[in-house]
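Open the model in your viewer and keep the selection panel at hand. The stops below say what to select and what is there.

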Amino acid sequence: MAQKPEVDDLSEEQATKELADLAQQLAEANTAYHTEDAPRISDAEYDALKARNAAIEDRFPHLKRADSPSDQVGAAPSEAFAKVTHAVRMLSLGNAFDDADITEFDTRIRRYLGLGDDAKLTYTAEPKIDGLSLSLRYESGKLVQAATRGDGAVGENVTANARTIDDIPVKIDGAPDVLEIRGEVYMSHADFEALNARQAERSDKQFANPRNAAAGSLRQLDSSITRSRPLRFFAYAWGEVSEPLADTQMAAINRLSDLGFQTNPLTELCDGPSEMLVQYAKIEQLRAELGYDIDGVVYKIDDLALQSRLGFRSTTPRWAIAHKFPAELAWTRLEAIDIQVGRTGALSPVARLTPVTVGGVVVSNATLHNEDYIAGRDSKGNEIRGGKDIREGDWVQVYRAGDVIPKVADVDLSKRPDDAQPYTFPETCPECGSEAIREEGDAVRRCTGGLICPAQAVEKLKHFVSRAAFDIEGLGAKQVEQFYRDGWIKEPADIFTLEERYGSGPRQLKNREGWGEKSAKNLFEAIEEKRNIPFGRLLFALGIRHVGEQASNLLARFYGNWDDFTAAMDSAADCDGPEWERLLGIDGVGEVMARSLVTAFAQDNERDSIDRLTRHLTVEETARPATEGSPVAGKTIVFTGTLEKMTRAEAKARAEALGAKVSGSVSAKTDLVVAGPGAGSKGKKAEELGVEIIDEDGWLDLVGAS
DNA sequence: GAGCCTCGAGTTCG
DNA sequence: CTCGAGGCTC
């Protein structure tokens, strides 16, 4: 770019041509970034191209293109925002779709807390705003950081943009030293329409819906643009706080309001499921006149002490649930049914649809799940959609499940073309022709081609470089596909010899279309960086069936280092003996997973491929869980008898959080028995074995809770 | 053996 | 985000 003539020296003709080039380059970069989930050019290069474009447009305003990149909203790479690790994870909520789900929610909570049906439980109910969640961190009353949710653990720093939102105070009085406020950024209907009208006047891009407009506005690199967008904010929760805000959810919300935040005026207390449903109906009725989008009602246990007793499941709190409004539906034509082949060989049918707008976005593909779903049955053989099968050419109803994934919900038989044939699911892989087999009791049909099947091979490679696995910058799905097609990368090990083979010499990466000196260098560097890899990531990256991210990390924590692990897999290869038993003894590992693991390491092909790979790697050891300061870390605990101040489930969760293993029966391996009144045989056995026994109060003292 | 809960695998669009 | 299946508990 440095060699390019100064903007002032450009002729109109040159400028026109360069603007066209820039528009194309930037569009490609955007596609590479957004849809291939791997940027092809660096952020700096991207910014430079954009700056050049702006400079030329400035000089020749009349040459500005209708599709000018300077008007593209939300096109800036998100890499431009710094990553922020949330002090307290931002979780999502469990979903409820009907009245029964709400009753079950209440029942589950009562059971977990050990409460009877008659005990009073109070909930809050509030509209669920359809926007984007934001976490605001205040220290000594000053806004120091605003972060998007991201994946819940790590979000993006959008502080400068958040400061421009009127509803977000930059300073608050009388707050705890550390206070993280969580809430929703949204745009009102009126502001959204005004914005779109304004955009139209300037022939700028129209936003599909208020949510997208809010999201696009918040993620502007230039915060003056965010300032010009009418964003609003409702506070409804909190993350880290240096001192408790209140005793109840409702009081906490009122406190947030006192601190100067907008809180939703429709937040109400409910005494149980029936009142919650009344509130739901009320809010649903008000929906159209609220002036902003909501997609349901959120219920939370009001008592914060109970909230903390209930705690969290892996991704959602036990004490809250979102009751969603029914999804928007649309009818369209099913043009064709295509089959995709996944990493494990699973054949998944996809519906190709005549594009139709559903809930503000245009949908042209939808999942059809599996063979049975098309035939109108679920996995247990029960009828779905009244047993109506789905055929190519059918008129179908689609919706976006969870407002995201398009699904085919129904078929209109009266509009079925006369010549429509029942869909026959292929029994051979459409990619490699191998036989596709459906195991007894399985819902999916799988290609048996293994790595012979190009689809499986490439999907496995994509998995290998994915976010939770090797996560190599500049090597995303699209790149992997191309390298595979050209034979540059056939298996994971090839990634680590890529530079050796194509770093220099007659066929060089930097001479390839779409690559340059800089991007090639960046890629090689990114690969270099990943030669050191944590055990858990490596194991996950291998893509062994039934061994996902969680299981991989579990195994990494258990075995600690790679060599011990592979040695254990070898010893357990015949699915027998002490190592096999030890593997099965891991909480969370069952027979199916264990077999899958051991087989992967025992099969020559697969093992050779793994060994070829690890030769290029330094596998980082995983520290066994330290659970610093925990009095029970690594101990095996048994709870017995009646627990009066907590339930079994609670006690177990608590113990496990502290690094203990909770077992059901007393044995020589037991370190501690917590016995309530009525402890029978287990108490006796503990005495016989000389295992330490404490009562419930002793336990609560030990773990520092009362 | 039933009934959770959690995880894995597959999915769409911006 | 959803579905199906694995794993654990009762």
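Which phosphate oxygen is 3.2 Å from a polar backbone atom of Val592? Select Val592 and look: the oxygen belongs to DNA strand C. Before going further, note that this is a predicted model, in which local features need pLDDT of at least 70 and side-chain atom pairs count only at pLDDT 80 or more, while totals for chains, interfaces and linings use all residues. Residues are numbered from 1 along each chain as its sequence is written, chains are lettered from A and ligands numbered from 1 in the order in which they are written, and side-chain values use heavy atoms, with hydrogens and water left out.

**Stop 1: DNA strand C**

Helices (H or I, at least four residues) and strands (E, at least two) are DSSP runs, numbered from the N terminus. The largest share, three residues, comes from α21.

**Stop 2: DNA strand B**

Select DNA strand B and its surroundings: 26 residues, of which Arg313, Gln340, Arg343, Thr344 and Gly548 are the closest. Here sugar and phosphate make up 87% of the DNA atoms that come within 4 Å of the protein. Asn365 uses a backbone N or O atom, 3.1 Å from a phosphate oxygen, and so does Gln550, at 3.2 Å. Colour β14 next: with four residues, β14 gives the most to the surface near DNA strand B.

**Stop 3: a four-stranded sheet**

Move to the open sheet with the order β5-β4-β7-β8 and antiparallel pairing. Its edge strands are β5 (142-148) and β8 (232-241), each pairing on one side only. Two strands pair if DSSP finds at least two bridges between them; β7 (residues 178-186) and β8 have seven, in the antiparallel sense. To find this pair, select Glu184, which stands opposite Phe234 in β8. Then show helix α6 (residues 210-218), which lies across β4 (132-139), β5 and β7 and runs at about 40° to β4. Such angles run from 0 to 180 degrees between N-to-C directions, with axes as lines fitted to C-alpha atoms, for helices over the stretch in contact (heavy atoms within 4.5 Å).

**Stop 4: Thr267**

Finish in the loop between α8 (249-258) and β9 (268-270), where Thr267 lies. Is Thr267 buried or exposed? Thr267 counts as buried because its relative accessibility is 11%, and buried means under 20% relative accessible area, exposed over 50%, partly exposed in between (1.4 Å probe, protein chains only). A polar atom of the Thr267 side chain lies 2.7 Å from the backbone oxygen of Asn264. Leaving aside neighbours within four places in sequence, Thr267 is in contact with Ala125, Glu126 and Met250.

Note on methods:
Polar contact = N/O pair within 3.5 Å; in protein donor to acceptor, adjacent residues only side chain to side chain. Near = heavy atom within 4 Å.
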